[in-house]
Amino acid sequence: EKGGFKHFMLKEIYEQPRALSDTIRGRVLSDQGKIVFEEFGLTRDEMRRIEKIYLVACGTSYHACLIGEYIIENIAQIPVEVDIASEFRYRNIPFEKNSLFVAITQSGETADTLAALRYAKKFGVKTLSICNVLGSTASREADAVFYTHSGPEIGVASTKAFTCQIVALYILSIGLSIAKGVFPKIFIKNLLEELLLLPRMAEETLLLDKKIQLLAKEVYRKPNFLYLGRGVNYPVALEGALKLKEISYIHAEGYAAGEMKHGPIALVEEGFPVVFIASDDLYLEKTISNIEEIKARDGFIITISSSKEEKLKKLSDRFIYVEGINSYLNTVLFSIPLQLLAYHVALLRGCDVDQPRNLAKSVTVE
Ligand code: M6R
């Protein structure tokens, strides 16, 4: 049942190229620069009218929402508000007209996410759920559903479901962008062509496994980790930290790199591990200056990046190069070494990777 893998988590990490490809298939007509609107259960006209989006979820799915915020605001230029479901459900939200509420949930059964969905419905807001489990409660209760086709996820730590959620949000943002006519056709066509590269690039990224395994051996005894990223990689940092803490029980925190100086840098002393996630984009220079500050305090710098910038490599104690596609899709690719790092560290610490203590696969009570 584990298909030759030692754990479901590892099997599911390795299934990502296939899961991503299944989530893309049938939704994208890249040669025509189009997407299949019906897949969202929303017409092109309904999409055109949307003026505000609420993205709501728990845990890892919440991190997908945060990534979605950057993608939708950039590609579709629609304002997005992200919230944790357990908070959203008890707020008094003055919903804006022409809003779309999106619940993201792998299981479709998370109690708080369902409550948030019902709350939005009560106010007459149009709802969409991005779910992995066919026929789940969230998929039945929302006005529309977009399925991630990750296949069953058994490991408690979400891996392939998360990266497929990012793909769903990427396709949604392109749909909204087309409907609103935000960008010229050629720009959209490029984004879709880049998406089609993703499964193969994920396959390539999995080849880093051996390298990550060696890195895990160097760091698995460390009691604390800090993960830092900017822009769309800030939520990737949050997710990297969550993955490590939930399966290895090491204390880990994710932060926006720009917040480093506002507190967390106080933790850094000799050998303190800091994981930087950086695309080859306009944030790179800023991230490099954050790395310099950690270097000056003798922290142990692990960089995961799609840039080959000499300075970046020189400053890093360990450098993991990931061949990138674009800043949005790189979040999927960067997540793979982060998942593998959490997995190997947990294994070396003798933890039960598939069934971490105190956790359930889906949280069906508040
Ligand atoms: O099924 P859902 O996506 O609604 O689950 C949400 C969270 O409970 C889930 O992502 C949790 O954080 C995972 N254990 C993370 O690996």
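The accessible surface of the chain comes to about 14,800 Å², and carbon and sulfur atoms account for 50% of that area. The model shown is a predicted one, and every value below was computed from it.

Next comes the overall fold. The chain contains 14 helices and 12 strands. Its radius of gyration is 20 Å, close to the 21 Å that the globule rule gives for 366 residues, so the chain is as compact as a globular protein of that length. Along its principal axes, the C-alpha trace spans about 55 × 45 × 45 Å. Contacts show how parts of the sequence come together: among those between residues at least 6 apart in sequence, 74% join residues at least 24 apart.

The cysteines remain. A disulfide requires two cysteine sulfur atoms within 2.5 Å, and by this rule the count is zero. Cys58 is in no disulfide, since the nearest cysteine sulfur, that of Cys65, is 9.2 Å away. Cys58 is partly exposed, with a relative accessible area of 25%. Cys131 is in no disulfide either; for this residue the nearest cysteine sulfur is again that of Cys65, 12 Å away. Cys131 is buried, because its relative accessible area is 0% and the cut-off for buried is under 20%.

Methods:
Residues are numbered from 1 along each chain as its sequence is written. This is a predicted model: local features need pLDDT of at least 70, side-chain atom pairs count only at pLDDT 80 or more; totals for chains, interfaces and linings use all residues. Side-chain values use heavy atoms; hydrogens and water are left out. Buried means under 20% relative accessible area, exposed over 50%, partly exposed in between (1.4 Å probe, protein chains only). Helices (H or I, at least four residues) and strands (E, at least two) are DSSP runs, numbered from the N terminus. The radius of gyration is taken over C-alpha atoms; the globule rule is 2.2 Å times the number of residues to the power 0.38. Contact means heavy atoms within 4.5 Å. Accessible areas come from the Shrake-Rupley method with a 1.4 Å probe; for residues, only the protein chains shown count as cover.
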